[in-house]
Amino acid sequence: MFFFAIRKTATFVRNDYLSVDMPKDNNVFRVPPGYNAPQQVHITQGDHVGKGVIISWITPDEPGSSTVLYWAENGEFQRQAHGFVLSYKYFNYTSGYIHHCTIHNLEFDTKYYYEVGIGNNTRQFWFETPPPVGPDVPYTFGVIDTGDNQNRNNWRVKMSSYQLLADRNCICHWDTNQQRRMGLNCHRSSVVSVLLLVAWAEIRVCMSGKTSTFVRNDYLSLDMPIDSDVFRVPPGYNAPQQVHITQGDHVGKGVIISWITQDEPGSSTVLYWPENSEFKWQAHGFFLSYKYFNYTSGYIHHCTIHNLEFDTKYYYEVGIGNTTRQFWFKTPPPVGPDVAYTFGLIGDLGQTYNSNTTLTHYEHSPAKGQTVLYVGDLSYADDYPFHDNIRWDTWGRFTERIAAYQPWIWTAGNHEIDFAPQLGETKPFKPYTSRYHVPYKASDSTSPLWYSIKRASAYIIVMSSYSALGKYTPQYKWLEKELPKVNRTETPWLIVLMHSPIYNSYVNHYMEGETVRVMYEKWFVEYKVDVVFAGHVHAYERSERVSNVAYNIVNGLCNPINDQSAPVYITIGDGGNLEGLATAMTEPQPSYSAYREASFGHGILDIKNRTHAHFSWNRNQDGYAVVADSIWLHNRYWSYPEQTSLASFR
C-alpha cells in the first residue's frame, strides 16, 4: 500500500491578461551604445567538471575580435583566451558575427572578471566558478522556463524575481521546445549530474497469443567470406557494380537507378527502352563519392528516369565501352483502389549464409513479389572494426541480383547511423545516404530518412526511428501534414515502415519503440493505418489489432486494448544478419502478441483489392512455398468506415 501527502491546488488568483511580446523598442532589448559594441553576452559551463566556461557574444557591424581578456578577482595578471566567429543565414535574415570563446583550467570557487570587444567599445562582466565537485558541497540552482515567447510581464517578473532572490549560482533552463530530446548532463558541485529526461508509461501485459514451438538448427550466423561468389566483382575495367533501383517519384512513373564504378567516374548516363520498342532514350544522372575514416568510396552514380509508362517492362544499360551491363524492371500499374500488387518484406538482412538463404527464398517464392519493402539495417558494416565500408560494397554486390530488377523501398535502421566520433566520423547516415537515394522531395519531405510513395493501391509512409521525432521537429511536422493527404478512395491500403517496432515482446530491444508509440500511435489509429512493418528485433512477430492511446498519466488506462481501427504491427527483422536471432522472449506472452517465432525468413504482402490483402511469413528452414504464419488483412478504411476509436478522445 502506498501513502501520499495531501494534494493541493493553488488558490492564488493571477491577473487575467494576455501573454504578449514586448515591443522591439522596449528598454530590455536596448542595443549597448558604441560602434560594434558586444551584445547578447552569455556564458555556460565549458567543460565537464566546472573549471571551464564558454563565453559567447555578437558584434553586429564587423567581426572585431574573438579574444577574451580575463583575470581572477585580486589577481595581478590578466590572461587572454582566443575564440572564433561565425554567422548564419535564415531565409531573408543574416545574423551578426557570433563569437564563442572557451576558457579552460580556471580555479574552483573563484570570482573572475572578463572583457570582450576592442577599442573604445569593450564591455566588462564577471562570473564565479563553482566549488570543487564533492558529495557534501552545497550549491543552489535556479530553474527558469521562459516559455514560447518574450512576454512583457511573465519574462520581466521571472527575471526580476530571480534577481531579488538569494544569489543563484547557476540557471538550468528547461527548453519546452526541446524537452523530449534534450539531456543536460554536467557535474556541478555536490550535484553529481543534472539530467533532464521524459519518463514513459508502464505497459502491463497478460497471457495470450501463440509462441512457435519450431526448433531450428543451432548454428551461428556467420558472414560469408569476402571472396564468396555472391560478392564477386563483375568482370571488365570499371564495370558498373552494386546496381540497384528504387521508385523515383511519388506515383510510380519514375525510377532511380544507382550503381558504382570503382576505377574512374565513367558515365552517369542510363540508356533505357520499353520491351519490344525500336527507340532508346537516355537519362543523365550524376556521381559522388565519400570518405569514411580510412576508406574512400568508388564513384556512386544516381540517375532518375521520369515519365515512364505504367505497367511496362523496361530494359536499361549502364556503363560505357566494353563494360556496359544490362538489366530490366517493370513499372507498377496505375494508382487505383482495386489494383492488385505484391510486396516482399525483408529487414535486417546483413550478408551471412542465412542472408543468402533469405534472398534465395524470396527469389523462388511462388508469390512473386514485385517490390521489396525494406525495414532497415542493411550491410552491418558498422559491426566490423572501423565500420569497415568494404562491407557496404560487398552488400551492394550481394543484393544486386534482386535490387537491380525490382525497386527496394528503403528505410534507415540503427546500423545505418554510422556515427563514430572516435573515428572522426560525426555525420550520421553518411554511407547510407550517399549510396541509397530515395524520392523524398516528391512528398515534400526535407530529409531522405522520411518520405512517402504511392504504388498501385498502396500509400507507403517511411519513418525514421533514429531522427528527431518529438513535437515541432521536421519529421513530426511532415507526418502531421502527410497523413491527412492520403486519399483512401485512391490508395486504400495505408502502410507504415519504420525500423524499431512499437509492439515487441522479445527481450531484445524491448520498449525501444516507446518514443514513437507515445508520439504517433494515436495518429496511426485516427487515420486507420492498415499495417505497420518494422525490423530491429531479429525474429518474427505479428500483433493483434490493439491500441494504447487512452492513457493521460492519471486515468490508469495504460493497457493495450483491442481496437479495430488500429493497425496490425509486424516485426520482420529476421533477414539473417551476423548478430544472430533474438531468442529470449518476455513471459508470459502479452495479449497484444498474436504469433512470434525466432527464425530467419521473409514476408509477402499480397494486396487483392480495396478490401482484402493476404500477409504470409516464410521461414528459411522450410520449402519455398511453405507458409509458417499468415493473416487476411481487412482494410481499415473500407471495412470499418464508421468505426470510432479511442484515438478520437485523446
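Where does lysine 528 lie? Lysine 528 sits in the loop between H6 and S30. This model is predicted.

**Figure 1. Overview of the protein chain, with 7 helices and 38 strands.**
The chain counts 650 residues, and 49% of them are buried. Contacts between residues at least 6 apart in sequence were examined, and 68% of them join residues at least 24 apart. The salt-bridge count comes to 17.

**Figure 2. Salt bridge between arginine 610 and aspartate 338.**
The closest N and O atoms of this pair are 2.6 Å apart. The two residues are 272 apart in the chain, so the pair links distant parts of it by the numbering of its elements. Arginine 610 is in the loop between strand S36 (601-607) and strand S37 (612-619). Aspartate 338 is in the loop between strand S23 (325-330) and strand S24 (341-346). Arginine 610 has 23% relative accessibility and counts as partly exposed. Aspartate 338, at 41%, also counts as partly exposed. Side chains of opposite charge can pair when their charged atoms come close.

**Figure 3. Salt bridge between aspartate 629 and arginine 542.**
The N to O distance is 2.9 Å. This pair, too, links distant parts of the chain, 87 residues apart. Aspartate 629 belongs to strand S38 (residues 629-634). Arginine 542 belongs to strand S31 (residues 540-543). Both residues are buried.

**Figure 4. Salt bridge between arginine 619 and aspartate 622.**
The closest N and O atoms lie 2.8 Å apart. Arginine 619 has a relative accessible area of 10%, under the 20% cut-off, and therefore counts as buried. Aspartate 622 stands at 17% relative accessibility and is therefore also buried by that cut-off.

**Figure 5. A salt-bridge network of Asp444, Glu482 and Lys485.**
Salt bridges link these three residues in a network. Glu482 and Lys485 fall within helix H5 (474-485). That helix is one of the packing partners of H6 in the next view.

**Figure 6. Helix H6 (residues 514-526), its bend and its packing.**
H6 has 13 residues. At 1.5 Å a residue, the helix should span 18 Å. Its end C-alpha atoms are 18 Å apart, which agrees. H6 bends by about 55° at tyrosine 520. Tyrosine 520 is also among the buried residues of the helix. Others include Glu514, Val516, Arg517, Met519, Trp523 and Phe524. What do the buried residues of H6 pack against? Their partners are helix H5 (474-485), strand S29 (493-497), strand S30 (531-534), strand S32 (546-547) and strand S34 (568-572).

**Figure 7. Lysine 528, after helix H6.**
H6 is followed by lysine 528, whose phi is positive, near 55°. The residue is not a glycine, yet its phi has this positive value. Is lysine 528 buried or exposed? Lysine 528 is buried, because its relative accessible area is 10% and the cut-off is 20%.

**Figure 8. Glutamine 242, another residue with positive phi.**
Phi of glutamine 242 is about 55°, although the residue is not a glycine. Glutamine 242 is placed in strand S14 (residues 241-247). Its relative accessibility is 2%, so it counts as buried.

**Figure 9. The cis peptide bond from glutamate 587 to proline 588.**
Omega of this bond is near -5°. Proline 588 is found in the loop between S34 and strand S35 (593-597). Strand S34 also takes part in the packing of H6.

**Figure 10. A nonpolar surface patch of Tyr88, Tyr90, Phe91 and Tyr93.**
Together these residues have about 580 Å² of accessible area. Tyrosine 93 has its place in strand S7 (residues 93-94). At 43% relative accessibility, tyrosine 93 counts as partly exposed.

Definitions and conventions
Residues are numbered from 1 along each chain as its sequence is written. This is a predicted model: local features need pLDDT of at least 70, side-chain atom pairs count only at pLDDT 80 or more; totals for chains, interfaces and linings use all residues. Side-chain values use heavy atoms; hydrogens and water are left out. Helices (H or I, at least four residues) and strands (E, at least two) are DSSP runs, numbered from the N terminus. Buried means under 20% relative accessible area, exposed over 50%, partly exposed in between (1.4 Å probe, protein chains only). Contact means heavy atoms within 4.5 Å. A salt bridge is a side-chain nitrogen of Lys or Arg within 4 Å of a carboxyl oxygen of Asp or Glu. The expected span of a helix is 1.5 Å times one less than its number of residues. The bend at a residue is the angle between axes fitted to the seven residues ending there and the seven starting there. Patches are made of residues with over 30% relative accessible area and no salt bridge: like charges are joined within 9 Å, nonpolar side chains (Val, Leu, Ile, Met, Phe, Trp, Tyr) within 5 Å. Accessible areas come from the Shrake-Rupley method with a 1.4 Å probe; for residues, only the protein chains shown count as cover.
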